[in-house]
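Biologist: I would like to learn how to read a model like this one. Please take me through it feature by feature.

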Amino acid sequence: MTEINAAPPQKIKLHGRHAFLIGDTRGYGAYSGGGIVKQVKAPKDIAFRSWEECVLHPVAQGESMMVVADLGKFGRPPQLHFAFMALLSLLDERQGQLSWTMLCASLRVASRPSLPSLAASLLKKSSSSPENWPSADQVGLWGETFQAVLSAAKVFIVGAGALGCELLKGMALMGVACGEGGALTITDMDRIEVSNLNRQFLFRREHVGQSKSTTAAAAALAMNPKLKVEALEARVGPETEGVTFTESFWMRQDLMINALDNIQARQYVDSRCVVFTKPLLESGTLGTKANVQVVVPHLTQCYSDSIDPPEESIPLCTLRHFPHTVEHTIEWSRDAFQGIFTDKISEARQFAADPTAFIETVLSEGGQSQQLQRLEQVLESVSTYGITSMPPSAPSFADCVKRSVLLFNELFRVQILQLLAAFPLDHRISTGALFWSAPKRPPKAIEFNPQDELHIQFIVAAANLFANAFGLPQERDVEKVRALAAEVPIPEFEQRKVQIVLDDAEEQQADTSSSSGAGNEQQPMLGTLQAEVDQNLEDETARLCDIKQKLLNIKGTSSLVFVPVSFEKDVEDNFHVAFVHAAAMLRAANYSIEGCDKHKTKLIAGRIIPAIATTTAMITGLVCLEAIKVLSREGRKLEDYKNAFINLALPLWLFSEPMPPLKSVDKANADSPSPLSFPPSWPSRRLKGSRRDPNCRLKDVVDYLEEQFDVNVDILSFGNFCLFNGFLPQHKQGRLNKPLTELIEEITHKPPPQTVLMECSCHSKEDSVDILLPSIALLNVGQPTA
């Protein structure tokens, strides 16, 4: 079917996971197999209507009505459209001059259908002139009393990135935490990077390297000097519970706002809000998509109740053996960087600091094959120095070039030849089908050519990274590097007896007996082709002892320089992105995969989440609106709050009421007129104890629960530890009268945290039926460590 190669781009129809139809092929020859398909995006003309036409006819072509963002408010879009058109016409008529009274009246017309709960406050008149207030529009709409609530609020913003900057700006301009009793706390551990500047608008070029939270707070203060903001640089997590973010800190907050970029941190903040029954506003963006989730204690679900499923990861066997997209080769290259210039150099550095302690640690971890491989890698790194001389002689840049050429040969030639030796192009599986069939691409080995620009780009980057690892200066003269590389002899290929891991299940089994080989240049990189140990156990033991002795015989290791590096995407001249890009493109050439530009490599390797300033500004505006509702939430109902999901590319705007908390109903009492039910996420009881109060005993907690719920407590647990078991006489006699802090320290061998979250198993006093109770949060148990 070679005729298809000369045909123009054709529209296809998917016909399974790895097959598609291309239409009429009767004029083509027979299809024999294989082939590479390239996707072509055909241009499409889109006609846009003029502004004047859209004003007169706001319904989009092909639609029967205007887009309804909130399904609970049909008819609202036309009302808002006409209200704002009237306001714009009035502005034009008065040449942009509009009195405060007229503006408030116009906004009342637009707001009355959407905010009925605020209708009464909209009619309030401010007793003082609002024109001089930073938040004059809010005072005119809702009055001074309402604004005083915002001014006295205590808000905690977690994160000072793109979302955090916009949220902080919004809080400052709304006058939140600007009055007596108000406080706004923002925390972020990170420093400002160059890549932040295109979407985090509180930062400037001169701020690169400075603290995000401190810089953002200073910018917000410049916008509103009355803002009472405190900037922290502490991570929000279990390690700071007793130091910075203590129980008293969480208790005094009125609202938490997440501006985070990872699920684990979001879940932790959510768990703190659950324990201390505090509201939380959660939001996130991904390109043109964004969402807002409102969490109100006992009224809505918490964040962790409706968490998104984890993203699908690329199978390891695909990365190691069978890549078929450029994203696979970039991820492989990024892992190679980590193995060669971070992990392997780190181990050599640990050895140089204390050889005996390092070897003892290695011999106490993993299997014998893994121990042997780790020590061989260290010996190889140390051998770069002239370890036979005293003191050891430092390597030269020519040595770094030699290592780079040998690394090139190993990655892009030897490993590919090993793979083809194990699975020739005509190899067939048990069903008779060719092994190298979709989605597997048959690879081809690459011979090193110092005149090839991509080859020399890899050598320049790798050699300079090795030079950095050994404390040598950089060499940017490409021609000099080319000349040095041309002098390196390429060893002949020798086939090794290898084991190839074809799927992740096999990989997990292989890991129990041997290491993945990440960062090993003489053996297959990253476990791609794991060398099978062909000696018996005695020979392997002998080799291990021999290498151990060689390492221990090396003198003057303290003078050896090893500098591991962490991947840094934002420094242009550090060769990190250059190495990853060159390695990825060479890997793509191995598998006939279309390459990409350096910018795409940087995005994928640097784990840069696509961010658009428009999306960030839009979603943080919605968060600020929900913050106003939450801070004035007294008397509000579930339907007053709105979760949002928006995709500006479609465009799609969806608003919905938050889901109420999940209810757990005691099945034993489900048929009774009023079965015991509760939201399991939110603790129904928050008891107060004191470490300094000797009367705070386990018995006090048990008695309280039995009296409050009319039950007999059977088991009371804290985490994985059983504090009380009513079926054991020794617990009744020896634990009930002990102070709770003493009991927790005795069982867990750790000081108790400030907040103890306990689970209770009990049964009814009346009919002995098992009863479910929610979690019990016991506050002020342990004291903060600082």
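Biologist: What percentage of the residues in the protein is buried?

Modeller: Bear in mind that this is a predicted model. Of the 786 residues in the protein, 45% are buried. Buried means under 20% relative accessible area.

Biologist: How many helices and strands does the secondary structure come to?

Modeller: There are 25 helices and 20 strands. Take the contacts with a separation of 6 or more: 68% of them join residues 24 or more positions apart.

Biologist: Which residues of H8 are buried?

Modeller: Start with the general idea. An α-helix has 3.6 residues a turn, so residues three or four places apart point the same way. In H8, the buried residues are Lys212, Ser213, Thr215, Ala216, Ala217, Ala219 and Ala220. Their cover includes helix H7 (162-174), strand S4 (183-187) and strand S5 (229-232).

Biologist: Let me pick one of them. Is Ser213 buried or exposed?

Modeller: Ser213 counts as buried because its relative accessibility is 0%. Its place is in helix H8, residues 212-223.

Biologist: What does Ser213 touch, leaving out residues up to four places away in sequence?

Modeller: Ala160, Ile186, Thr187, Asp188, Ala231, Leu232 and Glu233. A polar atom of the Ser213 side chain lies 2.6 Å from the backbone oxygen of Leu232.

Biologist: On to the rings. How many aromatic pairs does the count come to?

Modeller: The count is 24 aromatic pairs. One of them is Phe245 with Trp250, a tilted pair with 6.5 Å centre to centre and 50 degrees between the planes. Both numbers matter for reading it. A pair of aromatic rings is described by the distance of the centres and the angle of the planes.

Biologist: Are Phe245 and Trp250 buried or exposed?

Modeller: Phe245 is buried, at a relative accessible area of 2%. Trp250 is buried too, with 0% relative accessibility.

Biologist: Why is the pair of Phe458 and Phe579 called tilted?

Modeller: Planes under 30 degrees apart count as stacked, over 60 as edge-to-face, and the rest as tilted. For Phe458 and Phe579 the planes are at 35 degrees and the centres 5.2 Å apart, so the pair is tilted. Phe458 and Phe579 are both buried.

Biologist: Which residues form one aromatic cluster?

Modeller: Trp332, Phe337, Phe341, Phe408, Phe412, Phe448, Phe458, Phe466, Phe567 and Phe579.

Biologist: Which charged ends sit over the rings of Trp332 and Phe435?

Modeller: Over the ring of Trp332 sits the charged end of Arg587, 4.3 Å from the ring centre. Over the ring of Phe435 it is Lys440, with its charged end 5.1 Å from the centre.

Biologist: Next, the backbone. What kind of peptide bond joins Leu650 and Pro651?

Modeller: A cis bond, with omega about -10 degrees. Pro651 lies in the loop between strand S11 (643-647) and strand S12 (652-656).

Biologist: What is the phi of Thr277?

Modeller: Thr277 is not a glycine, yet its phi is positive, about 45 degrees. Thr277 lies in the loop between helix H10 (263-275) and strand S7 (280-286). With 18% relative accessibility, Thr277 counts as buried. Phe575 also has a positive phi, near 70 degrees. Phe575 is in the loop between helix H19 (537-553) and H20. Its relative accessibility is 10%, so Phe575 counts as buried.

Biologist: Last, the record. Which residue does the UniProt annotation "active site" cover?

Modeller: Cys317, according to an unreviewed UniProt entry. In the model, Cys317 is in helix H11, residues 316-320. Cys317 counts as buried, at 14% relative accessibility.

Note on methods
Residues are numbered from 1 along each chain as its sequence is written. This is a predicted model: local features need pLDDT of at least 70, side-chain atom pairs count only at pLDDT 80 or more; totals for chains, interfaces and linings use all residues. Side-chain values use heavy atoms; hydrogens and water are left out. UniProt positions are given in the numbering used here, feature names are shortened, and annotations may be inferred rather than shown by experiment. Helices (H or I, at least four residues) and strands (E, at least two) are DSSP runs, numbered from the N terminus. Buried means under 20% relative accessible area, exposed over 50%, partly exposed in between (1.4 Å probe, protein chains only). A polar contact is a pair of N or O atoms within 3.5 Å; within protein, one must be able to donate a hydrogen and the other to accept it, and residues adjacent in sequence count only if both atoms are side-chain atoms. Contact means heavy atoms within 4.5 Å. Rings of Phe, Tyr and Trp (its six-membered ring) pair if their centres lie within 6.5 Å; planes under 30 degrees apart count as stacked, over 60 as edge-to-face and the rest as tilted. A charge sits over a ring if NZ of Lys or CZ of Arg is within 6 Å of the ring centre and within 35 degrees of the ring normal.
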